[in-house]
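Good morning. Please look at the screen.

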Amino acid sequence: MLNTLSSAALLGAVAVSANPLAYGPLNGWGGSPSNTWGSGASSTVSSYGAGQTPFTFPLSNGFPNVSDATLRGIEVTAQGTLPNGPPVAHLNTTSITIFELIAFNEIFEVAFFSSLINNITSNYDGYGIGSSVLKDYALKALDAVLAQEELHHLGANGILANAGQDKIQPCEYVFPTASFDDAIALARTFTDLVLGTLQDAQAGLNGDGDGEFIPLLGAVQGQEGEQNGFYRELINLIPSSAPFLTRSAAPFAFSALNQNFVVNGTCPGPANALLFKSLPIFGVLNVETQNIALADQTLTFSVKTSSSFGDVASWSVTYINQQNVPVTKPVTNIKLAGGVATFDAFFPAETLLMNALTISAVTHGASSFASVSDVAAATLFGPGLIEIN
């Protein structure tokens, strides 16, 4: 729609600076331009954003530390307020990790949309929108999204604080996009992953005895779904991707954030320290096949590893799509060179109608899995994110 937007997704190559002016034990919880996401350079941290000036907080309005007047301004832009019900003074262990991860993700999204809005308003190369009417429309929508994400972060941190827990503090971030099109496609994919992870979070809250928060997360999930329909339309896709959205798990979301966006070693505070102890960061899984269509096909993957041929031969690639039982396929055509293992795995996309988000992971120890949390528990490398529509 805007500037003849392409439907290509994200992370095809290391991009030039996306932020030219930087700002001055349940369900896997506790105890990781093309239509793929999951290319990286090291075992757990990618080289995306190399050469960028990292995005840093606070924002110009002081966020994440806001006055009452600033909060009111955020709420006006967001078109609504933080929930004003009575605070809950206790969280169980799993629920603490859930709200820490939500706050961790939401402040990343605040950084991402702040950077994107700055790039558009500054008319940086690749971020120009030719029509003033369309530019105003996009900025109005993105300003609301930014404010809504600010409230999501403040709300999650408020729940932690009311329960006597430390708040999540911002890290530094880089963004692997070089254009408006890339940024919107990236937003579509990480929002798909968020939508899947919020499903897992609601199940975790229920299992941990904190089910009173489930309606709140349902409200956030619906709001994120509204956002994603907007992103999809901007890249010439219909608003809804599938009848049942793909389920994810906390370790996949946490790994994706740290592999692709968070600058390693820049996350301060005891809440971040606790979160990094509670959730794993998997090794980076590169989806080497590009422009994946809805067809039964063999995909190529690569990982950095010192594993032997025999070890790699024992691995599988497991695919998570929609609300279906995960599909596990053996690795084939293994090649080892220079500390990198390249291998193939069959992807039955057309047979199983694997539209929308598919999460791929290198797993070990089983030839089939009953649930997404079982996949996460057996994952060595991932997530490799594949979008088809």
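The crossing of α1 and α3 is left-handed. By that I mean that the near helix is turned anticlockwise from the far one by less than a right angle; clockwise would be right-handed. Before I go on, some notes on the source. This is a predicted model, in which local features need pLDDT of at least 70 and side-chain atom pairs count only at pLDDT 80 or more, while totals for chains, interfaces and linings use all residues. Residues are numbered from 1 along each chain as its sequence is written, and side-chain values use heavy atoms, with hydrogens and water left out.

Helix α1 covers residues 68-78 and helix α3 covers residues 132-162. Helices (H or I, at least four residues) and strands (E, at least two) are DSSP runs, numbered from the N terminus. The axes of α1 and α3 come within 8 Å and cross at roughly 125 degrees. An axis here is a line fitted to C-alpha atoms, for helices over the stretch in contact, and angles run from 0 to 180 degrees between N-to-C directions. The two helices are therefore oblique to each other. On this scale, angles under 35 degrees are roughly parallel, over 145 roughly antiparallel, 65 to 115 roughly perpendicular, and the rest oblique.

Which residues of α1 and α3 make the contact? From α1 they are L71, I74, E75, T77 and A78, and from α3 they are D143, A144, A147, Q148, E150, L151 and L154. Contact means heavy atoms within 4.5 Å. Sorted by class, this contact has 7 nonpolar, 2 polar and 3 charged residues. The nonpolar class is Ala, Val, Leu, Ile, Met, Phe, Trp, Tyr, Cys and Pro; the charged class is Asp, Glu, Lys and Arg; the others, Gly among them, are polar. As background, an α-helix has 3.6 residues a turn, so residues three or four places apart point the same way.

Next, α2 and α3. Their axes come within 8 Å and cross at roughly 155 degrees, and the two helices are therefore roughly antiparallel to each other. This crossing is left-handed. Its contact residues divide into 17 nonpolar, 5 polar and 7 charged.

Helix α2, residues 93-121, also meets α6: the axes come within 11 Å and cross at roughly 35 degrees. Here, too, α2 passes α6 in a left-handed crossing. On the α2 side the contact has L101, F104, N105 and F108, and on the α6 side A250, F254, L257 and N258. These residues divide into 6 nonpolar, 2 polar and no charged.

Is α6 enclosed or open? In α6, 11 of the 11 residues are buried, so the helix is largely enclosed by the rest of the structure. Buried means under 20% relative accessible area, exposed means over 50%, and partly exposed is in between (1.4 Å probe, protein chains only). The C-alpha atoms of F252 and T197 are separated by 8.3 Å, although the two residues are 55 apart along the chain.

Now the aromatic rings. A search of the whole structure finds 26 aromatic pairs. Rings of Phe, Tyr and Trp (its six-membered ring) pair if their centres lie within 6.5 Å; planes under 30 degrees apart are stacked, over 60 edge-to-face, and the rest tilted. The rings of F190 and F261 have centres 6.4 Å apart and planes at 80 degrees, so this pair is edge-to-face. F190 lies in helix α4 and F261 in the loop between α6 and α7, so the pair ties together parts that are 71 residues apart in sequence. Both F190 and F261 are buried. F301 and F343 form a stacked pair, 6.2 Å centre to centre with 25 degrees between the planes. F301 is in strand β3 and F343 in strand β7, 42 residues apart.

Last, the backbone. Most residues other than glycine have a negative phi, and most peptide bonds are trans. The bond from F57 to P58 is cis, with omega near 10 degrees, and a cis bond also joins F63 and P64, with omega about 15 degrees. N291 is not a glycine but has a positive phi of about 50 degrees; this residue is exposed, at 62% relative accessible area. A356 has a phi near 70 degrees and counts as buried, at 4%.
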